[in-house]
Amino acid sequence: MICTNAKISYVVSFDTETKIFKTTNTAIGSAITVRRVQDDSDGVLVWTATAVFGGEREMLALFGQDKWMKYFYGNGSVQTDNCK
């Protein structure tokens, strides 16, 4: 899927068989760990994490009728990018 925010557009993909999550968003990096996958009538919800500044940033992606990426930050804020 293609996601956008105020600064960039990027591609996000997830292979349900191999459980590999990829993105072209260079701010995230390539070492992404898939934590949990939920596949139901709403679509495929993928909970991931990546190393950032000595810690981890968690991300949630929904591949379904609705498509989005959510980024969770250490200060408690959440950024949601809409996707197609």
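Reader: At what distance does the side chain of threonine 50 reach the backbone oxygen of alanine 31?
Author: In this predicted model, local features need pLDDT of at least 70 and side-chain atom pairs count only at pLDDT 80 or more, while totals for chains, interfaces and linings use all residues. Residues are numbered from 1 along each chain as its sequence is written, and side-chain values use heavy atoms, leaving out hydrogens and water. A polar contact is a pair of N or O atoms within 3.5 Å; within protein, one must be able to donate a hydrogen and the other to accept it, and residues adjacent in sequence count only if both atoms are side-chain atoms. From threonine 50 to the alanine 31 oxygen the value is 3.2 Å.

Reader: Is threonine 50 buried or exposed?
Author: Buried means under 20% relative accessible area, exposed over 50%, and partly exposed in between (1.4 Å probe, protein chains only). Threonine 50 has 3% relative accessibility, so this residue counts as buried.

Reader: Which residue stands opposite aspartate 15 in β3?
Author: Strands are DSSP runs of E, at least two residues, numbered from the N terminus. Two strands pair if DSSP finds at least two bridges between them; β2 (residues 9-15) and β3 pair in the antiparallel sense over four bridges. Opposite aspartate 15 stands isoleucine 20.

Reader: How far from the ring centre of tryptophan 68 is lysine 70?
Author: A charge sits over a ring if NZ of Lys or CZ of Arg is within 6 Å of the ring centre and within 35 degrees of the ring normal. Lysine 70 lies over the face of tryptophan 68, and its distance from the ring centre is 4.9 Å.

Reader: Over which ring does the charged end of arginine 35 sit?
Author: The distance to the ring centre is 5.9 Å. The ring under arginine 35 belongs to tryptophan 47.
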